[in-house]
Amino acid sequence: MSYRPTSQRSNLTIGLLSELRHLRDVIRVLVWRDQRGRYTTTLMGVVWAVAAPVLFLMTFYFLFTFVMPLAIPNYASHVFVGLVAWTWFQSTISESVGCIVGNQSLISQPRFPVAALPVASAMSNLLTLCLTLPVLMLVLLAEGSRAGLSLVTLPVILLCQLVVILAIAFLVAALNVRFRDLGYIVPILLQLFMFATPIFYDYAAVPDRARAVLALNPLVTLVQSYREVLILGEWPDWTALGLVFLGGMVVLVLTWRYFHAASADFLEEV
Amino acid sequence: MRPALHVADLGKAFRHRTGQEPRSFRRWVENGFRGASSAERFWALRHVSFDVAPGEMLGVIGRNGAGKSTLLRLLGGVMRPDEGQIETSAPVNGLLELNTGMHPDLTGRENIIVNGVLAGLLRKEVEERVDRIIDFAELAEFIDDPVRTYSSGMRLRLGFAVAVHVDPKILLIDEVLAVGDLAFQQKCLARIEEFRARGCAIVLISHELEQVASRCDRAIWLARGELRGSGDAPDTVEAYIGSMRAETLQRSADPVEGDTGRYGAGEISVAGLEIIDRHGLPATAIDPGEPLTIRVSVKQQDSVGKWHVTVAVAREDGTQLLDMNSDTDGIDLPEMTQDRRVEIAVERLDLLPGAYRIDVGLWHPDWEYAYDYYPDAARFVVSGERGREGVLFAPRHWRVDQGEADERARNE
């Protein structure tokens, strides 16, 4: 008995290149559909994209400037930079949990590249992040940001964050197909993660012992790097950022392989 | 010629859903991090081999659960076979579920782009074809309106138009041909013929045996996941129909008791039939125009998932006067895991006085065979003066023109 399972997804004769081009188009179309579905007009899009972080910003600003002063300089910028980066991470991960289970008809479509779903979610939320940039710039300018030449490293930091996001997104997307209660667990974990990320507090003020734990959170380095570049106008800590990138890549390769292996059975489990 | 699609000894096994395997993270932790044990597996498909040449259309027939959909998913590459191999000479496209990626807030034109890319085209390729697609869908006037304003027929036309502009080399079709109005259906069939003429290999799954017999070159017949027959489409269809008939007869538990004409496989059977009058009491006679409830008791031998029940009122000579069935009435009957009772309340039965009989049937969900067909299961009488011609007793009033003299007399 020949026992050679072949999957057509990898068996296409049209070649890897056109498959990649198709993947790119699928992601683009999914992002576009998602964005067009979310907002009927571009203006409303900006308003809604900005509304949530701005509300958070106002709450934190009120709390930690008037009620319990933390005495962090440029506090509005400090919080907003953290929030914008966090929102990208958080929205993508919570969307990715259900992206396979909720798209059964797409994954049963021949030639649909399933891996496009988490990626599209990450890209769509990156786009939303870009919509909040004008407001972020206003806040930064109002508080006298010293941003300068080091702004050129911003894409690098964004790339590092994308790697971290995708590494986790692939994992939760595939895992949720088998363990359906992940949809309840992930929001709780995200909440924990949020407090383990210096969004409204200052990492410098964290005691050493706690830092040992927080240092495991890649978002710490990312948020710190954004602040260094956007608020202080300094160069990011390349060692820390490099570690996040490399670590993220290693995990991404592992989770992507898990996702790929599990994807053959998605339809059976959904 | 090299086949477009070569399938050799294909097999796919599914795990039985025992309810034991952890479906949640919590259960998995509680089970001590143990996954599903090598639970029982059953072969949804096994030892299936066939070729489809370019330009050939292969029909796949068989009952529900015979493995047709599994085969399609394996061919489409969205599921992984456990045994055997599939070799394809080109990417496989599907005409399976239409409108998978459609977003109601996007316009028809935008949805064409989305659906086209999701169906396997590059964005550039869809953009080149967009005008032809709009033309085909006959939606030019509405194409820039959001799809949520479309009727369901318009959406289907849009979905189909996109799907048939992918220019496939290998195409899988699942039932969808039965949608839309007749004219559009013809257009789609013509389009599929066009593909075929251009050398596209087609695999068609259909319950419409007629269609398979007339359109396909060859057919394969699946039963319980295995190949029961293959060959020329009309021959295979005929063999399949023949076996279905034989099966109904063969399954009949007690062949023919006397000459009642009762037959069926007997997984579930009619245990009793009662006629209830307007007072809620069992009756053997009602008055014309009175309500009538027919209560069927169904006995369960083996459990049966879906099923249909038919109840017909007939004259003593067998002429059916009223045929009621749960399928066309859209009634979803619960699974037969226990004995059940079904009641049909007929609001009024306007039949002429006389004697009538009731035929009851319990049927396989696809109407393939009878679990129990029980003609003349009960009789009842509509009381009144008999012997009139006709069938119906219509409630009525007479009005007769009395002439002018009488009219005036009455008015005074």
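**Entry 1: B:Ala44**

I started at B:Ala44, which belongs to strand S2 (residues 41-52) of chain B. One thing to keep in mind from here on: this is a predicted model.

Is B:Ala44 buried or exposed? I counted C-beta atoms around B:Ala44 and got 22 others within 10 Å. The cut-off for buried is 20 or more, so B:Ala44 goes down as buried.

Next I looked up who sits around B:Ala44. Ignoring neighbours within four places in sequence, I noted contacts with B:Lys12, B:Ala13 and B:Phe14, then with B:Gly67 and B:Thr70, and also with B:Gly225. I checked the B:Phe14 pair by C-alpha atoms too: B:Ala44 and B:Phe14 are 30 residues apart along the chain, and their C-alpha atoms are separated by 6.6 Å.

**Entry 2: a sheet in chain B**

I traced an open sheet of 6 strands in chain B, and wrote the order down as S5-S6-S7-S3-S8-S9. The pairing is mixed. At the edges I found strand S5 (92-95) and strand S9 (226-232) of chain B, each pairing on one side only. From one strand to the next, the twist averages 20 degrees.

Strand S6 (residues 170-174) and strand S7 (residues 201-205) of chain B run in the parallel sense, with 5 bridges between them. Which residue of S7(B) is the bridge partner of B:Ile170? I found B:Ala201 there.

**Entry 3: where chain A touches chain B**

On to the interface. I have 39 residues of chain A in contact with 41 residues of chain B. Which helices of chain A each supply at least two residues to the side touching chain B? My list reads helix H1 (16-38), helix H4 (104-107), helix H7 (182-195) and helix H11 (266-269). H1(A) provides the largest share of that side, with 9 residues.

I also sorted the chain A side by class: 16 residues are nonpolar, 12 polar and 11 charged.

For the complex, the predictor gives an ipTM of 0.82 and a pTM of 0.71. Chain B has an average pLDDT of 83, and 88% of its residues score at least 70. Where does the pLDDT of chain B fall below 50? I marked residues 252-258. Beyond near neighbours in sequence, that stretch of chain B has 5 contacts in the model.

Definitions and conventions. Residues are numbered from 1 along each chain as its sequence is written. Chains are lettered from A and ligands numbered from 1 in the order in which they are written. This is a predicted model: local features need pLDDT of at least 70, side-chain atom pairs count only at pLDDT 80 or more; totals for chains, interfaces and linings use all residues. Two residues are in contact if their C-beta atoms, placed from the backbone, lie within 7 Å. Helices (H or I, at least four residues) and strands (E, at least two) are DSSP runs, numbered from the N terminus. Ala, Val, Leu, Ile, Met, Phe, Trp, Tyr, Cys and Pro count as nonpolar, Asp, Glu, Lys and Arg as charged, and the others, Gly among them, as polar. A residue is buried if 20 or more other C-beta atoms lie within 10 Å of its own, exposed if 12 or fewer, and partly exposed in between; C-beta atoms are placed from the backbone. pLDDT is the predictor's confidence in each residue, from 0 to 100. Two strands pair if DSSP finds at least two bridges between them. Axes are lines fitted to C-alpha atoms, for helices over the stretch in contact, and angles run from 0 to 180 degrees between N-to-C directions.
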